[in-house]
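This briefing concerns the structure displayed below. Please read it alongside the sequence and the coordinates.

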Amino acid sequence: MIIFDKNHWGWIVSLLIILFASLSVWAEEGGFKLRILGSGGPGSTQFRNEPAVLIENGSDFVLVDMGNGTWETLKKLGIKTSDIDAFFFTHHHMDHDQEFIPIFLSSYFGRESSLSAVVGTAGTGELVDFVLSFYKDDLLYRLSSIKKQRIEEISRPEVREVHGGEEFSLLSFTIKTAAVNHTIETVAYRFEANGKTLVISGDLYYSPGLVQLAKDADILVLDAGGILSTANNSKKNYQSNKNKKLKSPESKVRSHSTSEEIVRMVEESTPKLVVLTHLPDRKVELEDIKLLFPESVRNNIMLAEDMLELYVGKSKSAY
Ligand SMILES: [Zn+2]
Ligand SMILES: [Zn+2]
């Protein structure tokens, strides 16, 4: 028989207090998890992968974009492609979608629940149908071998093409979309779950739709593909930039925001945390980037890096 003396009871009570405190902190935080799998842009290989974000809520796994390096990073994290419940594309530029075919195909093997959906801009359905038709015989052969029975049909996931302005539920998320300005049709996504919100901007230059979509979000993952060309060219900072006129979107074919546009979108949408991504394939200093922002939002800015893990909804001090 175990007899607890006074000291033992002291320990037990302390442990119970700690356990209760951590449980209540967790309950208060709620939220869900995101992992940056790729924080670079086109051609990134050395310091960063091409863009990809993994969102996790319990057993729900959603992959948003899948540029080069995505599958390798999933492997490093111990996540199987068959764990992915939905694929999302912000747009169909190669740096955002070129690992779709291998990841999507391999996700058919070992899957316990069927793939819920593939969501993306125009052309997404065509891409899914092409892959399933081109590899049909191979998929049927491999699935039949794995399951040791003849498989006759390949299940086609629900495909949802979005153009901005949609709102729908998928898995444990409520999802809203907004069209943003880029060289081709691009959408930003707002994921809501457990009372918390995450917005992924996609590639863009200044877009009022993004400002509205990201209003007061807990985390905004924001394309900053153009920020360093401005930051490195001169000793520019917020004070010298703030009176400059934004470039007219019609002036030339535009792809990414200038630093002024990034600051403006952050100031107007007031997210609790901004994760700048689509960064160059080299080391970037956060302190240099912060100087581009007014002091009022400077401490809410961080830089994405591959395998960065964040909880949407944690207090700012926890990041
Ligand atoms: Zn891109
Ligand atoms: Zn792009």
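What percentage of the 319 residues in the chain do buried residues make up? The share is 38%, where a residue is buried if 20 or more other C-beta atoms lie within 10 Å of its own, exposed if 12 or fewer, and partly exposed in between, with C-beta atoms placed from the backbone. The model is predicted, so local features need pLDDT of at least 70 and side-chain atom pairs count only at pLDDT 80 or more, while totals for chains, interfaces and linings use all residues. Residues are numbered from 1 along each chain as its sequence is written, and chains are lettered from A and ligands numbered from 1 in the order in which they are written.

**Overall fold**

- The chain contains twelve helices and 14 strands; helices (H or I, at least four residues) and strands (E, at least two) are DSSP runs, numbered from the N terminus.
- Of the contacts in the chain between residues at least 6 apart in sequence, 67% join residues at least 24 apart; two residues are in contact if their C-beta atoms, placed from the backbone, lie within 7 Å.

**Strand β12 and its partners**

- Strand β12 spans residues 273-277, and four of its five residues are buried.
- β12 pairs with strand β11 (residues 219-223) in the parallel sense over five bridges; two strands pair if DSSP finds at least two bridges between them.
- Within this pairing, leucine 276 of β12 is the bridge partner of leucine 222.
- β12 also runs parallel to strand β13 (residues 301-303), to which three bridges join it.
- Methionine 302 in β13 is the bridge partner of valine 275.

**Nonpolar core**

- In soluble globular proteins, nonpolar side chains tend to be buried together.
- The largest nonpolar core here has 66 residues; such a core is a set of buried Ala, Val, Leu, Ile, Met, Phe, Trp, Tyr and Cys residues joined through C-beta atoms within 7 Å.
- Val53, Leu63 and Leu276 have the most contacts inside this core.
- Leucine 63 touches Ala52, Leu54, Ile84, Phe87 and Phe88, not counting residues up to four places away in sequence.

- Asparagine 194 has a positive phi, near 55 degrees, and sits in the loop between β9 (186-193) and β10 (196-200).
- Asparagine 194 counts as partly exposed because it has 15 C-beta neighbours inside 10 Å.
- Histidine 278 also has a positive phi, of about 60 degrees, and lies in the loop between β12 and α11 (286-290).
- Histidine 278 counts as buried because it has 30 C-beta neighbours inside 10 Å.
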